[in-house]
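Here's a quick tour of one model, from a strand pairing to the charges. Have the structure open as you read.

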Amino acid sequence: MNALTAPLAELAEFQALKLKMKGNKGILQVSGCMESQKVHLMYSISKAVDHVFILAENDLKAKELFDDYRFYDPDVLLYPAKDLLFYQADIHSNQLDRQRMQVLKAISEEKKTTVILSMGGVMDCIPSKKLLKSRIMTLGLDEELDLEEFKRQMVDMGYERTAQVEMPGQFSVRGGIIDIYPLTEELPVRIEMWDDEVDSIRRFEAESQRSLEELELLQIYPATDKLPDVNEQNLDTILSYSDREKTLFLLDEPNRLEESGLVLEKEFRESMERRLLQEHLLVENEVKVEIRGFKQLQGWLNGCNCISFSAIEH
């Protein structure tokens, strides 16, 4: 990719922007670039940074940026937003939860990550990084395992107990054999017990049941962000999962971000108020903790290293 970014590196304006980035606290503005140039510039300015968030006005724009960005970085991640107004529509599938948890896992493990997300994904409240990490279950060889407590914890983490695991988010227990399909993994895992100790851990194919690689350690992330003990004190947004001092935030069309954020917040509040009046929600203060207000997020970002990109001069 150096051949694609080298021409930019020769521009004085590009070098000046890189210098301003160092130690920046606030929003640097880049305006006048063509729409087709944005992703090229975003990648070039951030490729040396380990943690990058790219904010788009809505899911459609986030997906467009994601598709374009993959040309430069195949490992870029897309964090989809939940439907904040009609969230019950997401219950039929765990695909969205899976994609979101895979992103949270990558950030929590402090891997080099570039995450693209919409204003809905930014404003959506989720369990704090500290709470999520405390709910990760770790199993190792020769460890003792209380089977009844294990089953209870799995259900609390959002896993569905089935006769046979077929898809992510399921687990089964048959005698001394435990099958788990971790939400964040591509393959299920089989644990064989010897009395109350973990005797073996191995990945296997769900359809053929053929055993694959053996593991010494297994980490199981929750299958949902609706954890039993979530409350207003331990909720946060995905932006807080990354080290604020080491993260670069790229804002695509800041005026559209503000417009989208304010509209989303207004519609969400009105929707929650209607649900409360119709007794669809039992906990009245739930309306206060589902999302972060746009102005609050704006203030938070003003203390970070941010660059905004606008296609026209303001």
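Strands S11 and S12 run antiparallel to each other, paired over 3 bridges; two strands count as paired if DSSP finds at least two bridges between them. Across that pairing, Phe204 sits opposite Ser211 in S12. Strands here are DSSP runs of E with at least two residues, helices are runs of H or I with at least four residues, and both are numbered from the N terminus.

A word on what you're looking at: this is a predicted model, where local features need pLDDT of at least 70, side-chain atom pairs count only at pLDDT 80 or more, and totals for chains, interfaces and linings use all residues. Residues are numbered from 1 along each chain as its sequence is written, and side-chain values use heavy atoms, with hydrogens and water left out.

Back to the sheet. It's an open one of 6 strands with mixed pairing, in the order S7-S8-S9-S10-S11-S12. The edges are S7 (160-161) and S12 (211-215); each has a single partner strand, so one side of each is left without a neighbour in the sheet.

Now the charges. The whole structure holds 29 salt bridges, a salt bridge being a side-chain nitrogen of Lys or Arg within 4 Å of a carboxyl oxygen of Asp or Glu.

| Pair | N to O distance |
|---|---|
| Lys38 and Glu253 | 2.6 Å |
| Lys111 and Glu109 | 3.2 Å |
| Asp156 and Arg152 | 2.6 Å |

Asp156 and Arg152 share helix H8 (residues 147-156), 4 residues apart, or about one turn. Asp156 is partly exposed at 32%, and Arg152 is partly exposed at 42%.

Finally, a surface patch of negative charge gathers Asp142, Glu143, Glu144, Asp146, Asp195, Asp196, Glu197 and Asp199. Patch residues have over 30% relative accessible area and no salt bridge, with like charges joined within 9 Å. One of the members, Asp195, is in the loop between strand S10 (189-194) and strand S11 (197-204), and counts as exposed at 71% relative accessibility.

Terms used. Patches are made of residues with over 30% relative accessible area and no salt bridge: like charges are joined within 9 Å, nonpolar side chains (Val, Leu, Ile, Met, Phe, Trp, Tyr) within 5 Å. Accessible areas come from the Shrake-Rupley method with a 1.4 Å probe; for residues, only the protein chains shown count as cover. Lys and Arg count as positive and Asp and Glu as negative; His and the chain ends are not counted. The place of a charge is taken as NZ of Lys, CZ of Arg, CG of Asp or CD of Glu. Buried means under 20% relative accessible area, exposed over 50%, partly exposed in between (1.4 Å probe, protein chains only).
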